Amino acid sequence: MEPVIVFDRVSKEYPLYHRVTAGLKHFLLDLPGAIRSLRSTRLEVLRDVSFTVQRGESVGIIGRNGAGKSTLLLMIAGVIKPCGGTVTVRERVSPLLELGSGFHPDLSGRENIELNGVLLGLSRRQVLTKQDSIIEFSEIGDYIDQPIRTYSSGMVARLAFSVLVHLDPMILLIDEVLAVGDFAFEKKCLDMMLSFKGSGVTTVLVSHALPQVEQMCDRVIWIEDRSIRCCGAPSEVIAAYIEHSKPTDKP
Ligand SMILES: Nc1ncnc2c1ncn2[C@@H]1O[C@H](COP(=O)(O)OP(=O)(O)OP(=O)(O)O)[C@@H](O)[C@H]1O
Ligand SMILES: [Mg+2]
């Protein structure tokens, strides 16, 4: 067992933004009080969250909209810092956080492959040797020489996923990206991720596509009400989450 991601009592808050409802005059007349109230209102998204991911494990993160799943992933990626506790990540992280967030819209698919490869820490030569397999896997065809802004969102997802999995990931972070690809591509991505299993690649997958999470992951963490509600075998955690999410008959 070799822990590669360790969350130790991690908390995260975001400031809440205000409109000055009582009017600017009131705001200015009681400036210290106004500033105090602005400071005190913060949204607590995660509180004292602790978990460990071992090398080679595939862990799924589930929970309702706004539960804090993407926030958690952003902390693993090092994009945002926790407000309390510590996040330790012992490997190079390849995040696929938002669709094509690493792509430049005016550059072609081909140019973006190079840009992303270099951003992920590879040399230009290394990227070029993989370029053909990236293009082939993405099945984008002649569009590869068109600017990214002309792509459909599914095409962006195909290229983004393809770049990521071909650049020797160590920790793969995937946030709800598979959902926009068509059925065939989704299957291909899942097969690719399954093939990573056993090769030491660690995957953290955030998704509302519960059957895929169940198929892909060794362990699932359900985030609810700022903390880990349940963590364990995928089928059990997902069943508990579905049961909890059922609409009630109460008015
Ligand atoms: N930069 C930010 N500033 C303020 N609030 C934020 C910020 N980012 C996220 N939040 C808030 O934090 C909470 C958790 O957001 P997060 O994006 O982590 O949820 P999520 O579980 O990924 O949801 P979804 O399933 O919809 O993707 C939400 O209430 C959101 O409004
Ligand atoms: Mg999210």
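The legends below describe close-up views of a predicted model.

**View 1. The residues around ligand 1.**
The shell around ligand 1 includes Tyr14, Leu43 and Val45. Gly63, Asn65, Gly66, Ala67 and Gly68 also surround the ligand, as do Lys69, Ser70 and Thr71. Two elements, strand 2 (42-54) and helix 3 (69-77), each supply at least two residues of this shell. Helix 3 gives the most, with three residues. Sorted by class, the shell around ligand 1 has four nonpolar, six polar and one charged residues.

**View 2. Helix 4 against helix 5.**
Helix 4 (residues 109-119) packs with helix 5 at an angle of about 130 degrees, and the two axes are 9 Å apart. Because of this angle, helix 4 counts as oblique to helix 5. The crossing of helix 4 past helix 5 is right-handed. From helix 4, the contact is made by Ile113, Glu114, Gly117 and Val118. Their partners in helix 5 are Arg124, Val127, Gln131 and Ile134. By class, the contact of helix 4 with helix 5 has four nonpolar, two polar and two charged residues.

**View 3. Helix 5 against helix 6.**
Helix 5 (residues 124-138) also meets helix 6 (residues 153-166), and their axes come within 9 Å and cross at roughly 140 degrees. That angle makes helix 5 oblique to helix 6. The crossing of helix 5 and helix 6 is right-handed. On the helix 5 side are Lys130, Ser133, Ile134, Phe137 and Ser138. On the helix 6 side are Arg158, Leu159, Ser162, Val163 and His166. By class, this contact of helix 5 with helix 6 has four nonpolar, four polar and two charged residues.

**View 4. Domain 1 and domain 2.**
The domain assignment of the chain gives domain 1 as residues 1-16, 46-91 and 170-251, and domain 2 as residues 99-166. The centres of the two domains, taken over C-alpha atoms, are separated by 25 Å. Where the domains touch, eight residues of domain 1 are in contact with nine residues of domain 2. Helix 7 (residues 183-196) gives the most to the side of domain 1 that touches domain 2, with three residues. By class, that side of domain 1 has six nonpolar, one polar and one charged residues.

Note on methods. Residues numbered from 1 in each chain as written. Chains lettered and ligands numbered in written order. Predicted model: local features only at pLDDT ≥ 70, side-chain atom pairs only at ≥ 80, totals over all residues. Near = placed C-beta within 6 Å. Helix = DSSP H or I, 4+ residues; strand = E, 2+ residues; numbered from the N terminus. Nonpolar A, V, L, I, M, F, W, Y, C, P; charged D, E, K, R; others polar. Axes fitted to C-alpha atoms, helices over the stretch in contact; angles between N-to-C directions. Parallel < 35°, antiparallel > 145°, perpendicular 65-115°, else oblique. Left-handed = near helix turned anticlockwise from the far one by under 90°. Contact = placed C-beta atoms within 7 Å. Domains from an automatic or database assignment.
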